[in-house]
Amino acid sequence: MSKLHIYNTLTKQKEEFKPIQDDHVGMYVCGPTVYSYVHLGNCRTFTSFDMVYRYLLYLGYKVRYVRNITDVGHLESDADQGEDKIAKKARLEQLEPMEIVQRYTVDFRNVMRQLNAHPPNIEPTATGHLIEQIQMVQEILDKGFAYESNGSVYFDVEKYNESHGYGELSGRKIEDLIAGSRELDGQEEKRSPLDFAIWKKASPEHIMRWPSPWSDGFPGWHLECSAMSTKYLGETFDIHGGGMDLKFPHHECEIAQGCAATGHKPVKYWMHTNMLTLNGKKMSKSTGNTLSPAELFSGENDKLEKGYSPSVVRFFMMQAHYSSELDFSSDAISASEKGFIKLMTAYGVLLKLETSSQSSKNVQEMVDSFYDAMNDDFNTPILIANLFETTKYINSVHVGTETISKEDLELLQKEFRGFVFDVLGLVNETESDNSKMDEVMALLMEIRAESRAKKDFATSDLIRDKLQEAGITIKDSKEGTTWTF
RNA sequence: GGUUCCGUGGCCGAGUGGCUUAGGCACCGGUCUGCAAAACCGGUUACAGCGGUUCGAAUCCGCUCGGAACCUCCA
């Protein structure tokens, strides 16, 4: 069988995945800034990494998955003299910053739970790690890669570049960056426009502030991830993930901070997920081009005629590779819903399949194809294509044109279930565990069968049509009648 | 303006040198059915344009056109 390969955005090639420490994997993913409700684009990234996490677990790795909550520190812009996003929103809404943080953190966790994403093993917050961040600022200062200016501390990019090379991840050259940098207000404290704050002195009206050796202030843009990933995963860990839009400058700065503080690169495999677009453009809070999960699930929005369940949304996302752009549209999600139902129906059939002395197809090869797809840089669209090929086989066995042995059936049930539910993280929403409902339906099926036997099709069709209106579909076959939502 | 990426059939979306007619949705025909639905079998539509490399390119190179991300917070 193939081995897991990951496309490393640092080296720009697929590499065999070899954890630093035996079968233990450390994975850090940049989480959301909780200053407003998460939108579907945010969810795509976290759903993609949830799939990565799930597959690593499925392969038997012991994974420590850390995903932060950014509740401080991202500056609005340099022009704002360091006004904090959280603090700004707080003033607008007349709330305490931590109240804002709490509200949107709860919303975020709720949405991710609906999407059936596993919670991370550790979900650290920036405000909970001020001491670690201050220590890291000091380390970088001690190593000579930062300087203090008027109470703020800046990372010295040009000095760092002399010994380490800045821009490796994003493919940028420092000369180009200098040439392309814009003159902005409030930068006179910096030696170079490329330098970035790792500690920022708070202006008098700034709400979120902490004491430090340099000033009452707050940590810089990129420092929290470096401090927290180091604390929980060590100075060098296996996988660091995030959205493509974080590649520069955020992740570039993380690499620089890590190298400056410890002398070596912090991450072995960098992974970046691509954007979910709406109308061909990136979803963005600042431009308002967004669709919220709640709107999508309920259907209460001006973009869709109906709502789609979280599993359908998840399936839709999994039908594209994580590194490709994915455009959201009503037609696309609608097509995914039908495919999703087909897959779930096939799973139901798989559980009840009758066995023969031998299989008419090579089931082991099918199962291998699931692993091969995922081992090739988590290629979920190929996995799903292979699952649909298997679906055809399952249905053929059901109608008797193909056969399966007892051993193969057990294997296929285990792995099909594993990849669909454990790896892709889908939920079989068509499943009913309501025994009362089953009894009522059994009665209706019996009445209908009797009407059909008496050729009273008016009654049988009435039952079928009314149930269809209620969202329940009847399927007749030689073995009897079944029903699904 | 700079950096990077993309452009696949009616729609979504894999594939990156030769055999995947990927897969899903839609559509058409057939089997099954009291009629349907589902399922199964079969079919239709393709690699943005132009030029080059090659025995051979959707896949490599160049140009043109179109789109996206980053260069300011952003998943």
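Colleague: Where does helix H10 lie, and at what angle does it run to S13?
Modeller: H10 (residues 310-318) lies across S11 and S13, and runs at about 145° to S13. Angles go from 0 to 180 degrees between N-to-C directions, with axes fitted as lines to C-alpha atoms, for helices over the stretch in contact. Contact means heavy atoms within 4.5 Å. Keep in mind that this is a predicted model, where local features need pLDDT of at least 70 and side-chain atom pairs pLDDT 80 or more, while totals for chains, interfaces and linings use all residues. Residues count from 1 along each chain as its sequence is written, chains are lettered from A and ligands numbered from 1 in written order, and side-chain values use heavy atoms, leaving out hydrogens and water.

Colleague: OK. What's the strand order in that open sheet of three?
Modeller: The order is S12-S11-S13, with mixed pairing. S12 (281-282) and S13 (326-328) are the edge strands, each pairing on one side only. Strands are DSSP E runs of at least two residues and helices are H or I runs of at least four, numbered from the N terminus. Two strands pair if DSSP finds at least two bridges between them.

Colleague: How many bridges between S11 and S12?
Modeller: Two, and S11 (residues 276-278) pairs with S12 in the antiparallel sense. Leucine 278 has lysine 281 in S12 as its bridge partner.

Colleague: Switching to S6: which residues sit on which side?
Modeller: Ser152 and Tyr154 are on one side of S6 (residues 152-155), Val153 and Phe155 on the other, and all are buried, that is, under 20% relative accessible area with a 1.4 Å probe, protein chains only.

Colleague: Why two sets like that?
Modeller: Because in a regular strand the side chains alternate between the two faces of the sheet.

Colleague: What pairs with S6?
Modeller: S5 (residues 146-149) is antiparallel to S6 over four bridges, with tyrosine 147 opposite tyrosine 154. S7 (residues 196-201) also runs antiparallel to S6, joined by three bridges, and valine 153 stands opposite tryptophan 199 there.

Colleague: And how many residues between S5 and S6 in the hairpin?
Modeller: Two, and asparagine 150 in that turn has a positive phi of about 55°.

Colleague: Now helices. At what angle do H12 and H14 pack?
Modeller: About 20°, with the axes of H12 (residues 363-375) and H14 (residues 406-423) 9 Å apart. H12 and H14 are therefore roughly parallel, as angles under 35 degrees count as such. The contact includes Phe370 and Tyr371 of H12 and Leu411 and Phe416 of H14. By class there are 10 nonpolar, one polar and two charged residues. Ala, Val, Leu, Ile, Met, Phe, Trp, Tyr, Cys and Pro count as nonpolar, Asp, Glu, Lys and Arg as charged, and the others, Gly among them, as polar.

Colleague: And H4 with H8: what angle there?
Modeller: About 65°, with axes 8 Å apart, so H4 and H8 are roughly perpendicular, the term for 65 to 115 degrees. Met136, Glu139 and Ile140 in H4 meet Gln257, Gly258, Ala260 and Ala261 in H8. Those divide into four nonpolar, two polar and one charged.

Colleague: Last one: is methionine 441 buried or exposed?
Modeller: Methionine 441 is buried, at 2% relative accessible area. Its place is in H15 (residues 435-453).

Colleague: What does methionine 441 touch?
Modeller: Leu467, Ile472 and Trp483, leaving aside residues up to four places away in sequence. The C-alpha atoms of methionine 441 and threonine 482 are separated by 9.4 Å, though these residues are 41 apart along the chain.

How values were computed
Buried < 20%, exposed > 50% of the residue type's maximum accessible area, 1.4 Å probe, protein only. Parallel < 35°, antiparallel > 145°, perpendicular 65-115°, else oblique.
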